[in-house]
Amino acid sequence: MHSLQAALVIFACTVGTVYFPLAAALVPFVNSASWWVSLLTFLLGSLWVWQASWLGKQSPAGDFGMAVKGWLGPILSKVFLLWFAAYWLILSSGILSEVSLVFHIIALPATPVLVLQVAFFFLVLYTDLYGFETCMRTVQALLILAVPLIAGFLLSSVVAARWTNLLPLLDVDLKEVAKAIYYSGPYPLPGILMALFLSTQVEERSHIIWHNVLSLWAAGLLLSLIVAVTIAVLGCCVTESYYYPTIPLAQSIEIGNTLVGVEIMVYPLWLLSGYIKSALAFVTASETIGGLIPALKQPWRSLGLGLIMLILAILPYNVNSTVKMIHISDYYLGMPFYVIIPAITIWVMLKKRGKQHA
Amino acid sequence: MRRERKKRAIVKPRPVGEIQKPPTDGEISGHFERDMQALQELLANSTDLRTSIIRTQDGKRVALFFYAGLVNQQILNHNVIAPIQTHKAPLTVEDLLERIIKAPNGGPESSLESLGTSLAKGAVVILFEGLDQALTVTMPQFFDRGIERSQSEDVLIGPHQSFSEDLNKNLALVRRYLKSPRLKIKNMEIGRISKTELAIVYIEGIAQEKLVREVEERLNRIDIDFIIGASYISEFLEDQPLSIMPQLKLTERPDRLIAALCEGRVAIMAGGDPTCLIVPFFMPEAMQAAEDYYEKPLIATFLRWLRLFSAALSVFLPGTWITLVSFHHGIIPPTLFTSIVAGREDVPFPTIIEAFLLLIAFDIVIEASTRLPSAVGQAIGIVGAIILGQSAVQASLISPTMTIVVALAGLAVYTLPSPSSVSAIRVLKYLVLAISSVLGLFGTVWALIFITINAASMRSFGYPVLFPVAPLNVRGWMDIFLKLPNTWLPQRPHFLAAENERRLNQGVTPYPGKGEPRDA
């Protein structure tokens, strides 16, 4: 695996489905300044990507489990790997549930949500059965389809933008900015943790740190652009009142008299990005568990984890409970990594310095 | 009659691929009558076997065995029979080979089984009284069509030659294009009964050795009674033979083969088949046509995008149409939707049934016109397209919009120059249609992801078939999604020819360099 491919996957994992709720998560705190606060969040996130990539570079390429063992020793590494896998597994369940529920509500009300969940679950499971390499290649191929769709979506939205909605630009309380950064903290996290995971797998690592940091910046830039366009088209009040303001944004756009709305562009995008993130999350969890329990071979590993994932995905009965589930994964399981990664980095640095002195 | 039946019943059927053991110990003994009898028993029950006994000047008997039709009898008379009959001195194997028989390919042989095999390959077996070795000499006569235009990969501009069923002629054609001693050809034989000749063709120093070795190993593993040509063995070489997507490139055009060899690929050619296999194959290359390299770069780029769009249209149009009309009609502008509904007013079937029926009818027409002789095939195409379609619409069995959708999807696939990709797409559109008709747009995207996962999991001789899309290689795009001028493509594909990448010397441009005069 080349570091550029890893960077693409990190980009895909960071953008994921984040562009659907991000504007609504920031606007309550910083209103029209949301777009640059979002950019700031991702710029800050790149510090963690730098650390994660540096950590990955310190271990021989190939096995994430072995790399963590090298950093933390045999016992702590198991705790870390379990936590890491749990974060990804719950995140993948949450996204599976979220995508199916939202699609059921906006596009297929007559089709039972369970059918969509099971169909979507099958794709994720199928990817894992083929392994991480296939997952990476699938993600790269789908990304090439998703990027023009996002670009088309943004361009067609820009027509309806009222740029005055983005003013005032800097009239925000610093406390609120800090709060907004904290609450949007989970959004760069998949990119950071994916960078940690992939940096241990990449063979060609000469530019890995820069490639990973740039990919997070690129994702942050794209997401901030989407936030800016959403606020410019819908205004802060409307943006705030939705969980996923990108959907009313799409519904409000008309292209000539050809298509009444551009939902047609957003529906596939929602599914593609949902699949990309969910599959990456599930496969990462599966690979981590594989490193933790080597005796658990395929297909039993996929089937076992898949069953847990499906049950977790079915549990939420509406969008509110799905969002709550994703919050559990984001805040209780994800946010501690903002402390854990620097701690491991310092620990590894100290160990390295100690070895050099010795 | 009864006795005859009884006699037949006790004859044990010979297992396929097994040659009946001769009565001797399997070797030429030097005893003329016994060896004759052994050979005749080995080759019994073949009416096309010709045996003739001649005598030399000193009265020694010489027996000739050959299969009619495989041997050029005029050359046999002139180069073998006449010299032997006029020879006086006692015969030795060396004399015969070096001075008497005028045939380039010959050699002594003492095993009866090998003699049988040589005979089947078109050799003449010559048995001499008093010699404990027989001779085999080859003077083949094969009936082969000439070098003709390619049926499946025809072009308007560029060479029109295509391969034929004669392996030697095909190899000579390759050598005529590539006049380099680095062009290597390794011969093999596959098929316990058919003994089909195969050739592995590559350019030394460009093709990676591990790829050549892998091809050889995979071919060596094939143990089967018979094969008919190269395309027959493709499923033995593919990593996922059950997949409908192609994993090997098939071509019958020498220019395409040469281009592939110069990129570092390896070709497999076989006797009896004008199609040769090229490995590895990357799926996005299905958009490349031989003509692209004789066209202007921008026009070739446009055509490649047109093919890509057509392929996508063919796979997804029927499914997406069903999705829009049956599930998400709110997206369609009201005026358009009204005209669609008006067209379907008298149609008794649901949209999905209508689409399936029409797609199957379309594929039946295509299949029939392919199998029928070309003149009749064309007529069937016209009948199918105009009469069947128009009559079905007039009889209110199908709607006019569905006819347009299915016709467009059905025809669009034929813009692809790769026949194996065309077949895959023809099947895939049914999968997309089936899932879309159940799950709407969710199903269409589901099918797209499912197809992508499958394609991403596939490898062709160890190389991912989605290259250069996944793994992403922007340089690889320059000759896949674009067709840049050759002066802008100085390197071979990195993946294939890592050790010898440069194909164009630096500084080679069509325009003069700095300071050089621009006028003629």
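Predicted model: local features only at pLDDT ≥ 70, side-chain atom pairs only at ≥ 80, totals over all residues.
Figure 1. The contact joins 31 residues of chain B to 35 residues of chain A. About 2,900 Å² is buried between the two chains, with 78% of this area on carbon and sulfur atoms. On the side of chain B, the greatest losses of area to chain A fall on B:Ile331, B:Phe442 and B:Ile453, which together supply 23% of what that side buries.

Figure 2. A:Glu133 and B:Arg459 form a salt bridge in which the closest N and O atoms are 2.5 Å apart. Polar contact between chain B and chain A, with both residues at pLDDT 80 or more, amounts to 5 residue pairs. By residue class, the side of chain B that touches chain A holds 23 nonpolar, 7 polar and 1 charged.

**Figure 3. A:Thr134 and A:Val147, two residues of helix H6 of chain A.** Helix H6 of chain A covers residues 132-158 and includes A:Val147; A:Thr134 lies in helix H6 of chain A as well. A:Thr134 is buried because its relative accessible area is 4%, under the 20% limit. Beyond residues up to four places away in sequence, A:Thr134 touches B:Ile453, B:Ala456 and B:Ser457. A:Val147 has 39% relative accessibility and therefore counts as partly exposed. A distance of 29 Å separates the C-alpha atoms of A:Val147 and A:Ala86, which are 61 residues apart along the chain.

**Figure 4. The surroundings of A:Thr200 in chain A.** A:Thr200 occupies the loop between helix H8 (189-199) and helix H9 (208-240) of chain A. With a relative accessibility of 0%, A:Thr200 counts as buried. The side chain of A:Thr200 comes to 2.6 Å from the backbone oxygen of A:Phe197. When neighbours within four places in sequence are left aside, A:Thr200 is in contact with A:Gly56, A:Ser59, A:Pro60, A:Ala61, A:Gly62, A:Asp63, A:Phe64, A:Ala67, A:Trp71 and A:Arg205.

**Figure 5. Helix H5 of chain B and its packing partners.** Helix H5 of chain B comprises residues 112-120, and its buried residues are B:Leu112, B:Leu115, B:Gly116, B:Thr117, B:Ser118 and B:Leu119. These buried residues pack against helix H2 (32-42), strand E2 (61-67), strand E3 (105-109), strand E4 (123-128) and strand E5 (134-138) of chain B. Just after H5(B), B:Gly122 adopts a positive phi of about 110°.

**Figure 6. The domains of chain B.** The domain assignment divides chain B into domain 1 (11-138), domain 2 (167-281) and domain 3 (295-464). Taken over C-alpha atoms, the centres of domain 1 and domain 2 of chain B are separated by 33 Å.

Conventions:
Residues numbered from 1 in each chain as written. Chains lettered and ligands numbered in written order. Heavy atoms only, no water. Contact = heavy atoms within 4.5 Å. Buried area = accessible area lost by both parts, 1.4 Å probe. Salt bridge = Lys/Arg side-chain N within 4 Å of Asp/Glu carboxyl O. Polar contact = N/O pair within 3.5 Å; in protein donor to acceptor, adjacent residues only side chain to side chain. Nonpolar A, V, L, I, M, F, W, Y, C, P; charged D, E, K, R; others polar. Helix = DSSP H or I, 4+ residues; strand = E, 2+ residues; numbered from the N terminus. Buried < 20%, exposed > 50% of the residue type's maximum accessible area, 1.4 Å probe, protein only. Domains from an automatic or database assignment.
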